[in-house]
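Q: I would like to go through the terms used for this model. What stands behind each one?

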2 protein chains.
Amino acid sequence: MLKDNTVFVGNKPVMNYVLAVVTQFNNGAREVSIKARGKAISRAVDTAEIALNRFLEGVNKKQITTSTEVIDTDSGKTNVSSIEIVLAATG
Amino acid sequence: MLKDNTVFVGNKPVMNYVLAVVTQFNNGAREVSIKARGKAISRAVDTAEIALNRFLEGVNKKQITTSTEVIDTDSGKTNVSSIEIVLAATG
């Protein structure tokens with residue numbers, strides 16, 4: 001998968017990320033990866049669900065993975081959970 | 001899987017849910033399902049990651065699924081995303 005097929009979900013309104021995902025598929029992407037960390041994880045799930053239920057035809061959830069990343073902060077290292085949801089065009 | 005092997009994650013501190021998951025495995029459960037909706041989804045991922053990385057030996061993520069649930073509220077029906085993370089003992 002190419003790097004530019006990844007959408008990083010942060011603190012903006014969820015429809016911004018939905019639009020980014022839909023645009024990638026409309027531009028011919030076969031797979032789009034939605035990634036988020038920490039509190040944005042729930043918004044990443046919203047992004048995938050809204051994109052699939054309302055906008056995308058012939059696209060499925062291919063894989064969902066969660067992991068723990070170590071982040072450097074001013075007060076030392078801390079762990080943060082992350083999620084990756086891969087959507088893939090079928091047929 | 002029995003009903004009592006499900007941990008519903010809400011707004012309490014994450015360690016409450018981690019303890020609930022660990023306790024189920026210590027009481028002999030082979031699988032524990034972690035469920036959450038809406039903003040609690042990120043806490044459900046934290047619960048699974050902390051339980052696996054810090055407390056549980058010989059337990060893996062078996063399956064992660066996301067879905068959309070329709071909820072009745074005072075102002076009508078609304079959609080909310082949900083997640084289920086199934087942890088399973090190996091061997």
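A: Start with polar contact: a pair of N or O atoms within 3.5 Å, where within protein one must be able to donate a hydrogen and the other to accept it, and residues adjacent in sequence count only if both atoms are side-chain atoms. By that rule, twelve residue pairs (both at pLDDT 80 or more) are in polar contact across the interface of chain B and chain A. This is a predicted model: local features need pLDDT of at least 70, side-chain atom pairs count only at pLDDT 80 or more, and totals for chains, interfaces and linings use all residues. Side-chain values use heavy atoms, without hydrogens and water; residues are numbered from 1 along each chain as its sequence is written, and chains are lettered from A in the order in which they are written.

Q: How many salt bridges are counted between chain B and chain A?
A: A salt bridge needs a side-chain nitrogen of Lys or Arg within 4 Å of a carboxyl oxygen of Asp or Glu. The count between these two chains is zero.

Q: What makes residues of chain B and chain A count as in contact?
A: Heavy atoms within 4.5 Å. On that basis, 17 residues of chain B touch 17 of chain A.

Q: Which residues of helix 1 of chain A are called buried?
A: Buried means under 20% relative accessible area, exposed over 50%, partly exposed in between (1.4 Å probe, protein chains only). A:Tyr17, A:Val18, A:Val21, A:Val22, A:Gln24 and A:Phe25 are buried.

Conventions: Helix = DSSP H or I, 4+ residues; strand = E, 2+ residues; numbered from the N terminus.
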